[in-house]
Amino acid sequence: MAKKIDHIGIAVKSLEASLPLYTEHLKLKLLGIEEVESEGVKVAFLKVGESKIELLEPLNNESPIAKFIEKKGEGIHHIALGVDDIKNRVKEIKEKGLRMINDEPKSGAGGAQIAFMHPKSTGGVLYELCEKQQKEDNSRGYL
């Protein structure tokens, strides 16, 4: 069962160009910026109440985010659902006949374990399952 919407991922061409909208105009607090080499992205997390917005900038032309922007333009990329026991959730989802992009959780931004559901199984929406470690263990503070 999902606990909450952890974050909404938004694909952007440039964090530098995009951040002022969120920090200066919308007055959202920037929690941190990091590169996730395995996904080919540089991410910025911004706090919105109990949830976050994750801006995703491609690090190279082969990045899934670069391909997304090329095909669909900048905009909402995914919705991340906060879960406990992500391995069990992936197993349950697959047993119910839904497709996963990631059959096993992998490391994501902020020290989270993540797995993406295939949008062909979810009405065209890319959902990310996201299991965070306890706040006191998360040095990046993205919780």
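I take helices (H or I, at least four residues) and strands (E, at least two) as DSSP runs, numbered from the N terminus. This is a predicted model, where local features need pLDDT of at least 70, side-chain atom pairs count only at pLDDT 80 or more, and totals for chains, interfaces and linings use all residues. Residues are numbered from 1 along each chain as its sequence is written, and side-chain values use heavy atoms, without hydrogens and water.

Phi of D85 is near 55 degrees, a positive value in a residue other than glycine. I noted D85 as partly exposed because its relative accessible area is 43%; buried means under 20%, exposed over 50%, partly exposed in between (1.4 Å probe, protein chains only).

Next I checked K27. K27 lies in the loop between α1 (15-25) and β2 (29-36). Its phi is near 60 degrees, again positive in a residue other than glycine. K27 has a relative accessible area of 64%, so I logged it as exposed.

Then I turned to K71. Helix α2 (residues 64-72) holds K71. I counted K71 as exposed because its relative accessibility is 71%.

Last, I read the record. The unreviewed UniProt entry annotates residues 4-132 as "domain: VOC". Such annotations may be inferred rather than shown by experiment, feature names are shortened, and positions follow the numbering used here. Over residues 4-132 I found 23% helix and 40% strand. The end C-alpha atoms of that stretch are 12 Å apart.
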